[in-house]
Amino acid sequence: ARRKMLRILHWKCFVVVSGICITLAAHTSVKHSDCWQSGSIQPIPYVPLLNGKFVNTAELYTAWKATQGDLCNHVPNAAESKRGVDELHLGDYLVIKWDFQSASAFADDPEGTKHRPSGFLRGGFDIYINTGCKLSNCVEGATPLGSGEVLFPVELNIQENTGVEPKSRYASWGPPAAVGEGIMLSNPEPDFPKQPIAMNKNRYAITNLALSISRKIPFNDDDELGSVCLAVGTFIATIYPEIGSFQTKVEAFRNTGYLDPDTGAMLEDGASSESIMVIDSTSCSNVPPFLESTLSGVSQILMAKPPTLSPPSLSPPTLQFKPSANACPSTCVSECGGYSMCITNGGEDCTSKFPAKCFLEDGCAKFSQCYYACTAGNYMHGEALPVTATCSSDCRNYLTPHCLSPPPSLPPPETACPSHCFEMCKDYAACMATLGVGCEALAKSPKCYSRWKEECETYYKCYFHCTEDKRKPRVSSTCSPECASYLVPNCFPFTVSEDPHFQLPHGGRADFHGDDHIIYNPMSARNVSINSRVR
């Protein structure tokens, strides 16, 4: 049945007979007040539970769906949300609910605990959805394989008469044909929304789903509390993302025009400069004119570690596969481990930096092709390697058991990165590596571009390309081993997001939990301290 679900799929739209999903509170009059506006379309991912089992087959999904009715009304429990957000497994049926939530408020109720100003989503706007981005800027797919998608679509549920019409960029989605291949898309749909002028071209290139708003959709009628369910999509987690996590992002842009798909020219005729979200509550003293805003939302999804080939044993484990007849020479690890890492990460001049045996067929050529692609330097001698998109069974058998030691560690830099370059000039460095203009305003000290300029020069060169301003340095085609080594341990960030999730140095991950309305101090360091109130 699973294989049946993973055949070439022609996108389908399943209509649920119900009204807009709005939860209304009892009406209470609101006195005339100043208002401000904001809102989001929040992706809410979860993996359903049925009789204590997470849904990971077509049969389980059909049985679970039969118990639900309108999927917009399902509120995932803590276990379903945790599986969908923090521990997604390959094969899981991931459900994503796209929920519009207004954060607009009255001046005398800034938290929106009793009322929120009424308004509507304008018709004629498109909401662009990315289901698999590598990072939150969404300009690169979550995997280099195939289309870059990691989720394979099953169905899209919308509600009747909501004014929402689903659009797929391609009529056919094909599952991976073999190990090491990705999800393939074909048969482009001619009516897929064009690229807005305000949308990055790289992001549009990996946008394969949209929701078109055909008419006005009201929200918070009579200034009452509520939310609007726009659609619910179901996907199968099919490809393990390149960095172990991926982002799903949604955004509706201001109508400033579109780009011609053939010439790239700006098409501004008919551009209204309007935005999708409008506040029209007569209780707002600053309406009219309308208050309006664009909308966006993003969720990060973390994958569980790929399963090993066989379950762990209480007794000392034995390998479940036969080693290759031409065993890997153990000397390749120390002599060519660095070369394997270099070619896997797209490094430059790899052949000039390592012995010739590393790329000769009668030397360690096969080791170099297999080693870092299979281990990433994380496996110790004797472990059973899993077969993955980058590690074939032939490579696994060849490397085991003699060539699974970690590669040599990077040599320590001649000089350590000065900590003040990171603490005072981090935003300046990121700006210089991306925009390149107006960066002085982001520096915490004018010394970043004056007295410290020469001292921090290497930091400016290495920081953003190795960390993307959000993680530990990683050797890649844009980050040399020297740069990665230079930034450790003083000059790279750790990050906190949403629930919150911590992305820590040395590959660590953690969640933070606390008591309601209690203030905690999750970080304290020289010249900086962060206090957070949990709600």
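**Setting up.** I am working with a predicted model, where local features need pLDDT of at least 70, side-chain atom pairs count only at pLDDT 80 or more, and totals for chains, interfaces and linings use all residues. Residues are numbered from 1 along each chain as its sequence is written, and side-chain values use heavy atoms, with hydrogens and water left out.

**Entry 1: counting disulfides.** I began with the cysteines. A disulfide is a covalent bond between the sulfur atoms of two cysteines. I took a disulfide to be a pair of cysteine sulfur atoms within 2.5 Å.

**Entry 2: Cys 370 and Cys 395.** The sulfur atoms of this disulfide are 2.0 Å apart. The torsion about the S-S bond is about -60 degrees, so the link is left-handed. I found Cys 370 in helix α7 (residues 365-375) and Cys 395 in helix α8 (residues 393-399), so distant parts of the chain, 25 residues apart, are linked. For helices I used DSSP runs of H or I with at least four residues, for strands runs of E with at least two, both numbered from the N terminus. Are these two cysteines buried or exposed? Buried means under 20% relative accessible area, exposed over 50%, and partly exposed in between, with a 1.4 Å probe and protein chains only. Cys 370 is buried at 3%, and Cys 395 is buried at 11%.

**Entry 3: Cys 421 and Cys 456.** Here the sulfur atoms are 2.0 Å apart, and the link is left-handed, with -85 degrees about the S-S bond. Cys 421 lies in helix α9 (residues 419-434) and Cys 456 in the loop between α9 and α10 (457-467), so the pair ties together parts that are 35 residues apart in sequence. Cys 421 and Cys 456 are both buried.

**Entry 4: Cys 431 and Cys 439.** The sulfur atoms of this disulfide are 2.1 Å apart. I noted -75 degrees about its S-S bond, a left-handed link. Cys 431 is buried at 5% relative accessibility, and Cys 439 is buried at 1%.

Entry 5: Next I turned to the strands, which pair if DSSP finds at least two bridges between them. An open, antiparallel sheet has 4 strands in the order β16-β9-β21-β22. Its edges are β16 (217-219) and β22 (291-293); each has a single partner strand, so one side of each lacks a neighbour in the sheet. Strand β21 (residues 277-279) runs antiparallel to β22 and is joined to β22 by 3 bridges. Ile 279 stands opposite Leu 291 in β22.
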